[in-house]
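Hi,

Here is the structure I promised to pass on. Have a look through it first, and my notes follow below.

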Amino acid sequence: MDNQPNQQLQGGNQQQGGQLRDGGQQQDGGWPQAQPNGTGQPQPNGQPYQQPGQGQPQNQFQYQQNPQGQYQQPYGAPQQGQAYMNNGQQPYGQPSQQVYYTQPGQDLQQKKRSISAIVGLIIAISALLTCLLPIVNNGSFFLALLSLLMGIIGFVATGKKKMKKGRSVAIATIVVSLIACGGVLSSQSAYDDALDGPSASSVSQAGSSDPSKTDSDETSDANKLSIGDTLTLEDGLKVTVNETKKVSQYGSSYVGIRVTYKNTGDATASYNFYDWKGEDKDGALEEPEYTSFDNELSSGDLKPGGKKTAWVYLPKASKKACYFSSTFADEPVGSWVLK
């Protein structure tokens, strides 16, 4: 009898405990007991509460709360936006990508050089090296013009728009080309003067002691000289036709002229058999004839103050005796009318 109230009390406590576990509420107004899952809700389907680490893996990185209530990442956890690296290599799962940064002025360095300016400079240098060579410098002049054109093209291509680089090379090409052109023109002028020989400076008539200077009018007189007149050249060489005669040998007839060279200049002067040609009535020029006559003119040099007198035999049809101051000259510097 005494034990029944205790049994009822224990049964009531068990019922209350069952109600607290099933409904999560106190029927008699008591405080609800804390639920095992910490959410205030019972476990679904009556499943028993499991402690962390029982039956499921724990999270590798647990967040800890500091006294101020802010969560901090534990040591070894990746920061936000940071990916795992494999020994400094590309992050796992990330595509390989390279990023190039362009520094100021790097776009200009990546531009190609002007090929026309470079090739033009090479051609210009070749023209410059050969511009002083006789005969060869004829081709050097055309090379200089070609390099000048290529230099201008390169200069335009490397202008304000900066399509290509190498503006200094283009300028050098233009300058060298112009120098080569000037060298060709000046050298050819000097060679022409050397090939043509000295021109006439004065004419002295026979029996006159005052030579007349050959200006425009007197130059024409040098082409109508009389026997005995003296032609003076720029280098001081004096040439005179002293006399003429008609001779025959081995069935051929010739007109012989006796000529005198006198060097009054300061340098050595030359004389040559081929300085003379005979001009017929039609204007045809013919070479002198070699004969076996004595004292026939050959070739040689005269020192300053030297003198040479000899005979030259022209074709019998010659009406004028023409003197050329150089074997390569195109026009005579003086002509004597033959009688």
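Is Cys 322 buried or exposed? Cys 322 is buried, at a relative accessible area of 1% (buried is under 20%, exposed over 50%, partly exposed in between, with a 1.4 Å probe and protein chains only).

Before the rest, some bookkeeping. This is a predicted model, where local features need pLDDT of at least 70 and side-chain atom pairs count only at pLDDT 80 or more, while totals for chains, interfaces and linings use all residues. Residues are numbered from 1 along each chain as its sequence is written, and side-chain values use heavy atoms, leaving out hydrogens and water.

On the cysteines: there are 0 disulfides (a pair of cysteine sulfur atoms within 2.5 Å). Cys 181 is in none, and its nearest cysteine sulfur, on Cys 131, sits 9.4 Å off. Cys 181 also counts as buried, at 9% relative accessibility.

Finally, an open sheet of 4 strands runs β10-β9-β13-β14 with antiparallel pairing (two strands pair if DSSP finds at least two bridges between them). β10 (285-286) and β14 (334-337) are the edge strands. β9 (residues 276-279) pairs with β10 over 2 bridges, and Glu 279 has Leu 285 in β10 as its bridge partner.

Cheers
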